[in-house]
Amino acid sequence: MALHPVITEVTDRIRKRSEQTRGDYLDRMAAAAAEGPRRAHLTCGNQAHAYAASGDDKAALAGGRAENVGIITAYNDMLSAHQPYERYPDVIRAAARAAGGTAQVAGGVPAMCDGITQGQTGMELSLFSRDVIALAAGVGLSHNVFDSALYLGVCDKIVPGLIMAAATFGYIPSIFLPAGPMVSGIPNDQKAKVRQDFATGVCDRNELMRAEMASYHGPGTCTFYGTANTNQMLMEFMGMQLPGSSFVNPNTPLREALTVAATERALQITALGNDFTPVSEVLDERAFVNGMIGLMATGGSTNLILHLPAMARAAGIILDLEDFGSLSEATPLLAKVYPNGLADVNHFHAAGGLGFLIGELLNAGLLHEEVKTIAGDGLNRYTKEPKLKDGAVLYEDGTRETLNNKIVRPVSHPFSKTGGLAQLKGNLGRGVIKISAVAEDRHVIEAPVRVFHTQEAVKTAFQNNEITEDTIVVVRFQGPKSNGMPELHGLTPVLSVLQERGLRVALVTDGRMSGASGKVPAAIHVSPEAADGGPIGKLHDGDIVRLNATSGVLEAVDVDLETRETAIADLTGNGNGVGRELFEVFRRTVGSADTGASVTL
């Protein structure tokens, strides 16, 4: 199938925009790769330090002929999604030895859980942790004794930060290893209903706790289609992890066999063999376009609109919000997974999952097929399904038909003709909105605004019954320079209750929402942010704002913003407590949301 003209146009636009930066990047990667195996440049003393505790692997490492895989792990046992990684290094080391190679843990990176910090002070460190993860991974790989790398990470900021590191070390091959989703608990919509009941006083905290614990109940990622599971989709669409590996549950025979297979593949694609596949050749413009298309086709998390530009910059590629907007217009919505539907990711996987969607999009000319992936050349490999045969992974053709058309659909019969995310722009700046979960009759909201500077103030106004008419809730001074751009998911129950009362409500903010948010219209990542003099800082209570997701417009109506002063907020409290003191330099130097809100790139 010929490539869709919009896909070609956007790819060419990105390539032209990135010509200088991408060229410089590839020159650096080629020069580093030309130096040959990394250990050859270390002194005997350097190497002795690296191998001192390697036990039975010491002779193979010192000989320099066996491939050595560096493991970057985001393991901790507080995050359910990352708890399964506790055993991975042992499995990887054993698999590497069996295949004639070696593996060492190169370093660990932090992994914080947005579910734990949601609505708490710690959430203000969440976005910044992405760049810390990239830096920490870079420190681990800087020992320069590795021929390839395996990255163990799943959740919100972890995968983007690890991709930034992998691209920076793009002269060596890298493979991402998922841990898989937890098995299904109570339905996500049931959990959301209990949260709303608690917000209105219908149920008590004990009932809320029972519902939460029944939803988040075991090892693995949360089962809704939030940022963590969107990351996993991206890694397959971009060819950075094994086909069909994203949504296999933890602690199952197939999950362990996929870990072994990824280790074997990491040994095969080093410069010491005949199938050298450095990251710099995998993460090109086409890979990022494929990732953006996957984001649109699945109605994925809005957080990836923030992360993908930062990830791309690490590979010398410059993405713009217009790229997301153009691709959304050309990409049909093919999946309905909570919060966009009732199904969770386990149901999605059983209904055909990523393999089915990739096949559909390839057949419609909506993905680049001729790409390099860690599994080999061509994205068609990702339409296949892993099976466990005699203890090893074998790939078979995946389903070519949806196994549940309430969850996944073919291109010929999509849930929507356009993607799940849209760009917004107007006299309030630029932002994005997730529309895949928003009812069509709420794609356009025009109403007076109520302006707040904290989400706590919104909750107080709600509890005092102050919002009784159609309202656009503006929450500003929530951008990266203000307080690290925390997610405002705690507002979802409040806004959902107002919407269910029959009010036409929306949110406009320079902050973020959770990947689990979606049913209330929300213009987020508004840039420039209020703390940077953005127009959102000039709104007054009662101003009329129009949010039109259909035409991509976000504007104050009949308001001369140029003549107004920007509001000043007291941000002095944002710099201390729960580690915020350590991140002052981040708040001062962070980039804008529309360029990825990065400190390091």
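These legends describe close-up views of a predicted model.

**View 1. Four parallel strands make an open sheet.**
The strand order is S2-S1-S3-S4. Strand S2 (102–108) and strand S4 (174–177) stand at the edges. Each edge strand has a single partner, so one of its sides has no neighbour in the sheet. Neighbouring strands are turned against each other by 25° on average, direction ignored. Strands of a sheet pair through backbone hydrogen bonds, either parallel or antiparallel.

**View 2. Strand S1 pairs with strand S2.**
S1 covers residues 68–73. Six bridges join S1 to S2, and the two strands run parallel.

**View 3. Strands S9 and S10 form a hairpin.**
S9 spans residues 421–426, and S10 spans residues 429–434. Two residues lie between the strands of this hairpin. S9 and S10 pair in the antiparallel sense over six bridges. In one of the pairings, Gly-426 has Gly-429 of S10 as its bridge partner.

**View 4. Strand S10 also pairs with strand S14.**
S14 runs over residues 522–527. Two bridges join S10 to S14, in the antiparallel sense. Val-432 has Ile-524 of S14 as its bridge partner. How many of the six residues of S10 are buried? Five are, so S10 is largely enclosed by the rest of the structure.

**View 5. Helices H1 and H16 contact each other.**
H1 holds residues 5–17, and H16 holds residues 321–330. Their axes come within 9 Å and cross at roughly 170°. An angle over 145 degrees counts as roughly antiparallel. H1 and H16 are therefore roughly antiparallel to each other. On the H1 side, the contact is made by Val-6, Ile-7, Val-10, Arg-13, Ile-14 and Arg-17. On the H16 side, Glu-322, Asp-323, Ser-326, Leu-327 and Ala-330 take part. What kinds of residue make up the contact of H1 with H16? Six are nonpolar, one is polar and four are charged. An α-helix has 3.6 residues a turn, so residues three or four places apart point the same way.

**View 6. Helix H8 is mostly covered.**
H8 spans residues 158–168. Ten of its eleven residues are buried. Among the buried residues of H8 are Ile-158, Val-159, Pro-160 and Gly-161. Leu-162, Ile-163 and Met-164 are buried too.

**View 7. Thr-298 is a buried residue of helix H14.**
H14 covers residues 285–298. Is Thr-298 buried or exposed? Thr-298 has a relative accessible area of 2%, so it is buried. Its side chain makes a polar contact with the side chain of Tyr-225, at 2.7 Å. Setting aside neighbours within four places in sequence, Thr-298 is in contact with Tyr-225, Met-233, Leu-333, Ala-335, Asn-340 and Leu-357.

**View 8. Ser-129 lies in helix H7.**
H7 runs over residues 126–141. Ser-129 has a relative accessible area of 9%, so this residue is buried. Which residues does Ser-129 touch, not counting those up to four places away in sequence? They are Met-112 and Lys-157. Now look from Ser-129 to Val-282. In sequence, these two are 153 residues apart. In space, Ser-129 and Val-282 are 25 Å apart, C-alpha to C-alpha.

Definitions and conventions. Residues numbered from 1 in each chain as written. Predicted model: local features only at pLDDT ≥ 70, side-chain atom pairs only at ≥ 80, totals over all residues. Heavy atoms only, no water. Buried < 20%, exposed > 50% of the residue type's maximum accessible area, 1.4 Å probe, protein only. Polar contact = N/O pair within 3.5 Å; in protein donor to acceptor, adjacent residues only side chain to side chain. Contact = heavy atoms within 4.5 Å. Axes fitted to C-alpha atoms, helices over the stretch in contact; angles between N-to-C directions. Parallel < 35°, antiparallel > 145°, perpendicular 65-115°, else oblique. Nonpolar A, V, L, I, M, F, W, Y, C, P; charged D, E, K, R; others polar. Pairing = 2+ DSSP bridges.
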